[in-house]
Amino acid sequence: MKLRLHFVVDPMGWLCISVVFGIWLYNTFFVPKLVLFPHYNEGHIPWAIVVCYYIASGLCLAALFRASTADPGRLPVDPHIPHAEREHWELCNKCNLMRPKRSHHCSRCGHCVRRMDHHCPWINNCVGEDNHWLFLQLCFYAQVLSLFTLVLDFCQYYYFQPLTGLDQEKFTTRHELALLRISALMGVVMFGGMTSLFYTQMTGILSDMTTIEKMAHFSNEIYGAKRSWQWALAEVCGTRWKLLWLIPLRSRQPLNASHQFRSHV
């Protein structure tokens, strides 16, 4: 998979991804301005916490951008079908094009996607074979960032020392209520939602079942040797190097797993 941009023309998807970006923007600028930098300037927290927060924020944004703009595995109009794999291809009854088994036609995008998991409006893109690993990273880093935000909000009220360089009464009335009600609420919602989604995605990857296949109640029978969790994640991420599983700014190279084709679609 090359690093080429892929955009879906969908106003509803643009609205959803704008909401996600707005939440990221709020927590990236509001929390550091009111919590991180004031307490760092007064020596209450080390610089490493500030750096770690921005690293988590940067990785979350990078995963969001890559997941929403990466080609999920769109099939070309005239795909090249190797002779040895013809039995694993079929005709799509919606676009009348040949596609590999386990592909699915996305009605929102208007084309077939290899090993499509689902169409996610929150990234305005399908989640398929070539960007599933990026969607998994987005869920993970969104969990990290939202949990980081919740911890900072908690420490602001119950752990950190009062800030001497600010008018405490003015700070409380103008900012702390917003910090408690908005930032903490978004952190709880995002952490709960992303944790549930991450768990669902991981169980699907480890059981070799996409979300569409689960909803259609397909059998989870696998022909060939049962995969370990390392191989399952390596196949999704396109590399056996575990450290690269966490880096969104790279390309994915599919691993050779031709011996593990499944019969259902």
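A residue is termed buried when its relative accessible area is under 20%, exposed when this area is over 50%, and partly exposed in between (1.4 Å probe, protein chains only). The structure is a predicted model, in which local features need pLDDT of at least 70 and side-chain atom pairs count only at pLDDT 80 or more, whereas totals for chains, interfaces and linings use all residues. Residues are numbered from 1 along each chain as its sequence is written, and side-chain values use heavy atoms, with hydrogens and water left out.

The protein chain contains six helices and six strands, taken as DSSP runs numbered from the N terminus (helices: H or I, at least four residues; strands: E, at least two). From the N terminus, the order of these elements is α-α-β-β-β-β-β-β-α-α-α-α. Of the 265 residues in the protein chain, 46% are buried. The chain exposes about 14600 Å², of which carbon and sulfur atoms supply 66%; accessible areas come from the Shrake-Rupley method with a 1.4 Å probe, and for residues only the protein chains shown count as cover. Among contacts (heavy atoms within 4.5 Å) between residues at least 6 apart in sequence, 66% join residues at least 24 apart.

Cysteine pairing was examined next. Zero disulfides are present, a disulfide being a pair of cysteine sulfur atoms within 2.5 Å. Cys-139 is counted as buried because its relative accessibility is 1%. The closest cysteine sulfur to that of Cys-139 belongs to Cys-120 and lies 7.8 Å away, which is too far for a bond. Cys-92 is likewise buried, with a relative accessibility of 0%; its sulfur is 3.5 Å from the closest cysteine sulfur, in Cys-112, again too far for a bond.

Thr-210 occupies the loop between α4 (168-207) and α5 (211-215). Because its relative accessibility is 6%, Thr-210 counts as buried. Beyond its neighbours within four places in sequence, Thr-210 is in contact with Arg-102, Arg-115, Met-116 and Asp-117.

Helix α6 is mostly covered, with seven of its nine residues buried. These buried residues are Trp-231, Ala-232, Leu-233, Ala-234, Glu-235, Val-236 and Cys-237. Ile-247 belongs to a nonpolar surface patch of about 780 Å², made together with Phe-140, Val-144, Trp-241, Leu-243, Leu-244, Leu-246 and Leu-249. Patches are made of residues with over 30% relative accessible area and no salt bridge, like charges being joined within 9 Å and nonpolar side chains (Val, Leu, Ile, Met, Phe, Trp, Tyr) within 5 Å. A salt bridge places a side-chain nitrogen of Lys or Arg within 4 Å of a carboxyl oxygen of Asp or Glu.
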